[in-house]
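Let's take a walk through this structure, helix by helix and pocket by pocket. Have the viewer open as you read.

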Amino acid sequence: MQQIPVSLWTLLAGIVVTVLSIWVGQNHSLLPIQASQQAPLVDGFFNVMLSIATALFLVVEGTIVIFLVKYRHRPGDDTDGVHVEGNLPLEVFWTAVPSIIVLCLGIYSVDVFNRMGGFEVGSHPHMPHSPAHVAQMPGSAIAATLSDASLDESEIPSPAPIPKIGIGATPTELGKPADLVVNVTGMQFAWLFDYPESGVNTGELHVPVGADVLLNISATDVIHSFWVPQFRLKQDAIPGIPTQLRFVATKPGTYPVVCTELCGGYHGSMRAQVVVDTPQEFESWLSENRIAQQQDMQKAVASNPADLSTSEFLAPHAQEMGVTSATLAQIQK
């Protein structure tokens, strides 16, 4: 019986590994649903990496299993194994192939980052480091020393603009203002959302589906990180350094906002929600909250606690505290 050449077995194994790896990379269920315009770009890159990882796993582990079976110790065989000094072509191959894969993945990741708008915000302006510039930087001994030196005011340049950091407009959106701007503030241990155009402040982020949304993110205490898994987007909230996140939601629904930067003892509970509404639902929600907050403000301005009796001041909280009206009257006496 004629044996099948090793080269043919290698070719067949390569075909099987390739087909299986591509199938696994395209048919896994490791990621949540896609709910933003940027999500398919990230998922495409992830699928390619998973396909490559699957192929490497099958090749390495499959080779180990074959060698365990083929070269296992047999009863009565006490001879030495074959003396192998090395194989230069093989060593070049397993060094070159991973290097090429890493280089290609690096180029691919840069392209994805650019299409998501990462290069638009992070323009990386030149930051001067002259003595005059350092003298303007507070909070350091060098700044204090240089500020005491006799520097001509004409030699001190104006402070450089703070660079924008984050994910911004995609190449097709450059120069276009966002449809909705929301100021996001992270603090221990909550997220606050401010809509500057309407004056609405809330602990839940609402955005209309299909709208180009810009988040201006900041922090009041320590570093936090704003992450929506379904959007495939994450951006740090850094005290004193404003960051941005720009996205387009594509699927109505309610999705979690998770802090992914260890920020304290209750870090695990620092969560909020982003609700993607239809345009009509968003306008209705915005109007309701605007009216409610205006009414609360009017009540706060109109009521003067100094003019209220004890029972009148405590009346709004009496039911919640379980205090009867008779008890309030007794307290007033």
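Predicted model: local features only at pLDDT ≥ 70, side-chain atom pairs only at ≥ 80, totals over all residues.

Residues are numbered from 1 along each chain as its sequence is written, and side-chain values use heavy atoms, with hydrogens and water left out.

Start with α2 (39-70) and α3 (88-115); helices here are DSSP runs of H or I, at least four residues, numbered from the N terminus. Their axes come within 10 Å and cross at roughly 170°, with axes being lines fitted to C-alpha atoms over the stretch in contact and angles running from 0 to 180 degrees between N-to-C directions. α2 and α3 are therefore roughly antiparallel, a label for angles over 145 degrees. In contact terms (heavy atoms within 4.5 Å), α2 residues including Leu-41, Phe-45 and Ile-52 meet α3 residues including Ile-101, Leu-105 and Tyr-108.

Now the pockets. A pocket is an open set of points on a 1 Å grid over the protein atoms alone, where a 1.4 Å probe fits, with protein on both sides within 12 Å along at least five of seven lines; lining residues have an atom within 4 Å of a point. Of its 21 lining residues, Trp-9, Thr-10, Ala-13, Thr-63 and Ile-66 are the closest to its centre.

The second largest pocket holds about 390 Å³. α3 gives the most to its lining, with 6 residues, and Phe-93 and Trp-94 are among the lining residues.

Definitions and conventions: Helix = DSSP H or I, 4+ residues; strand = E, 2+ residues; numbered from the N terminus. Points joined across faces, edges and corners; volume = space filled by probe spheres on them. Parallel < 35°, antiparallel > 145°, perpendicular 65-115°, else oblique.
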